[in-house]
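Student: Could you walk me through this structure step by step? I would like to learn how to read it.

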Amino acid sequence: MQILPFYLLCDESGSMTGEPIDAINGALPDLHHEISTNPTVADKTRFCLIGFSDTATVLQPLVDLSDIDEVPGLAAGGLTSYGEAFRTLRNSIEADVAALKTQGHEVYRPVAFFLSDGIPTDHAWEQAYKELSASRYCPKIIAFGIGEAEESVIAQVANFRAFMQQDSSVSPAQALREFASSLTRSIVRSAATMAADGGNGFTLAVDDTVPGFSTVSLDKL
Amino acid sequence: MTADDGADVALGSLRLGGRMGDGGQGEVFDVEGPGRLLYKSYREPHKVAADRLAHLVDLRQQLTGADRDRLDREAAWPLCRVVDGGRVTGFLMRRAPDAMTWRDARGDARLTELSYLLRAPKAAWRAVPQPSPSERFALVLAVVELFDRMHSLGLVVGDVSQANVLWTVHPGPAVHLLDCDGVRLAGRPPVLTQADTPDWHDPMALPGAVTVDSDRYKVALVIGRVLAQDAYAAPGRPLTLLAGVLDDRREAAVRALWQQAAGPRGGRPHLGQWRAALAGRRTIKLMAAQPAPRPEVDRTKLDGPRRRGRISLRD
């Protein structure tokens with residue numbers, strides 16, 4: 001079976017306290033519901049949740065969403081270490097791809113949805129990002145910035161598409177619900193183009209525009 | 001407004017309710033009022049072959065009572081076209097039977113798609129009642145009979161997938177075909193060009209070609225996948241049947257046809273063959289008649305010198 005792994009890297013630093021973190025935690029059951037009741041999508045995709053602040057934690061190891069009934073919630077606190085997030089993502093992907101292959105699956109290049117509401121508070125994050133980018137299974141990264149996030153940093157993190165919350169027109173919580181919906185759509189629509197035996201590959205379906213966000217140009221590509 | 005006479009209906013006359021579905025080609029809306037109707041609205045109406053949609057509507061109109069009732073029961077057939085300012089924007093169809101929906105953990109109604117027959121049940125859709133082996137067998141038979149009727153009407157279904165065949169076992173096993181605007185008269189193009197669903201394409205078909213033979217291949221996929229509870233089984237690969245769905249005689253017949261379906265284009269088992277295999281009748285081996293032995297030829301009589309002589313044409 002051809003598998004497409006999705007990683008959600010979510011900022012859970014102190015500034016996410018309250019509505020933002022509640023919005024993401026509230027959206028996870030929607031995402032789970034949509035995918036776990038669609039067996040064709042669940043078969044072909046896997047989902048992993050990583051929360052990051054001072055450190056990064058794999059809250060939900062890569063899983064077929066129809067196999068789980070609950071997921072650890074995000075909890076806000078601490079600073080914003082992008083470096084920890086990228087190192088943890090890289091290590092998880094390496095181990096997950098190996099495990100999927102052991103189970104007889106073939107694996108498409110993973111997709112990472114990265115969400116942050118602030119600027120990185122660690123200085124060495126670019127080195128960790130470089131290592132991730134240079135790694136064998138470097139994921140396609142779609143980055144979303146809300147609140148205090150900096151557009152240039154979000155654009156630097158993304159290698160596929162980047163979005164910034166539109167000023168004042170929407171609250172961070174509204175933007176985060178749209179973010180989660182966009183992630184869900186991406187999983188469902190990408191899976192719809194995949195054949196179990198690989199066939200002609202697949203199309204990574206990511207919204208061109210997300211309500212509440214403006215699309216950031218990735219001219220560097 | 002009545003959709004039943006097949007006459008075009010103005011978009012403005014419809015009271016549209018909530019959006020029920022969103023597909024690649026269009027969206028489906030609830031239509032308020034009697035008749036449990038749905039409106040499929042095309043995303044790109046300018047690409048729609050309006051006359052071919054009219055053919056599908058006419059075909060239903062030409063069926064007599066029982067046949068039309070059966071079509072309505074078994075397929076979400078286009079009842080009439082919907083027009084707006086002289087352009088066809090979509091069509092009306094009936095909602096799938098209530099028995100072919102299930103309630104998820106949140107209480108939302110979801111369609112009971114074929115996909116729930118193709119893998120072991122998961123917690124997330126535990127509310128879908130799983131069929132017994134004999135009901136599973138009956139569902140397969142219902143699919144074969146449905147396609148047999150479509151073909152006998154001169155139609156080709158085209159895209160067959162885990163999402164466009166619905167089923168139920170209450171009150172009895174029955175199936176229902178969705179996306180019927182993809183059905184076309186054999187040899188003709190469809191209302192809108194349509195891509196095959198991944199994992200449901202005929203590997204031997206010419207690119208873009210949709211034929212009775214490709215339909216037969218896809219019916220083989222449905223049969224094998226439902227009987228094996230395996231979403232990705234395909235002719236040419238081993239078929240691991242669920243216990244209790246077929247007796248020995250039927251199993252042998254189904255396996256033979258499964259093998260045949262892996263063969264070249266044009267030679268896939270037709271629906272009658274599947275019906276016979278699933279009926280489990282004893283087959284009688286027929287010996288082809290032997291041609292009578294040729295008589296020995298006595299060359300001496302045939303190859304001797306010719307004596308033509310001359311024929312006088314005068315008296």
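What follows is a conversation about chain B and its parts.

Tutor: A word on the ground rules: this is a predicted model, where local features need pLDDT of at least 70, side-chain atom pairs count only at pLDDT 80 or more, and totals for chains, interfaces and linings use all residues. Residues are numbered from 1 along each chain as its sequence is written, while chains are lettered from A and ligands numbered from 1 in the order in which they are written.

Student: What separation lies between the centres of domain 1 and domain 2 of chain B?
Tutor: Chain B is split into domain 1 (1-95) and domain 2 (96-283), with bounds that come from an automatic or database domain assignment. Taken over C-alpha atoms, the distance between the two centres is 24 Å.

Student: Which helix gives the largest share of the side of domain 1 of chain B that touches domain 2?
Tutor: Two residues are in contact if their C-beta atoms, placed from the backbone, lie within 7 Å. The contact takes 17 residues from domain 1 of chain B and 17 residues from domain 2 of chain B. Helices (H or I, at least four residues) and strands (E, at least two) are DSSP runs, numbered from the N terminus. On the domain 1 side, the largest share is 5 residues, and they come from helix H1 (residues 50-62) of chain B.

Student: How many nonpolar residues are on that side of domain 1 of chain B?
Tutor: For classes, Ala, Val, Leu, Ile, Met, Phe, Trp, Tyr, Cys and Pro count as nonpolar, Asp, Glu, Lys and Arg as charged, and the others, Gly among them, as polar. The side of domain 1 of chain B that touches domain 2 of chain B has 5 charged, 2 polar and, to end on your number, 10 nonpolar residues.

Student: Which strands are at the edges of the open sheet in chain B?
Tutor: This open sheet has 6 strands in the order E1-E5-E6-E4-E3-E2 (chain B), with mixed pairing. Two strands pair if DSSP finds at least two bridges between them. An edge strand pairs on one side only, and in chain B these are strand E1 (9-10) and strand E2 (16-22).

Student: Is E2(B) buried or in the open?
Tutor: A residue is buried if 20 or more other C-beta atoms lie within 10 Å of its own, exposed if 12 or fewer, and partly exposed in between, with C-beta atoms placed from the backbone. Of the 7 residues of E2(B), the number buried is 0, so the strand lies largely in the open.

Student: Which residue of E3(B) stands opposite Gly21(B)?
Tutor: A hairpin joins E2(B) to E3(B) through 3 residues. The two strands pair in the antiparallel sense over 4 bridges. Opposite Gly21(B) stands Val28(B).

Student: Is Asp179(B) buried or exposed?
Tutor: Asp179(B) has a positive phi of about 55° although it is not a glycine. Its place is in the loop between E11 and strand E12 (184-185) of chain B. With 21 C-beta neighbours inside 10 Å, Asp179(B) counts as buried.

Student: How are H3(B) and H4(B) oriented to each other?
Tutor: Axes are lines fitted to C-alpha atoms, for helices over the stretch in contact, and angles run from 0 to 180 degrees between N-to-C directions. The axes of helix H3 (residues 133-152) and helix H4 (residues 212-228) of chain B come within 9 Å and cross at roughly 170°. Angles under 35 degrees count as roughly parallel, over 145 as roughly antiparallel, 65 to 115 as roughly perpendicular and the rest as oblique. H3(B) and H4(B) are therefore roughly antiparallel.

Student: How many nonpolar residues does the contact of H5(B) with H6(B) have?
Tutor: The axes of helix H5 (residues 248-261) and helix H6 (residues 271-279) of chain B come within 7 Å and cross at roughly 155°. Residues in the contact include Val254(B) and Leu257(B) of H5(B) and Trp274(B) of H6(B). By class, there are 1 charged, 1 polar and 6 nonpolar residues.
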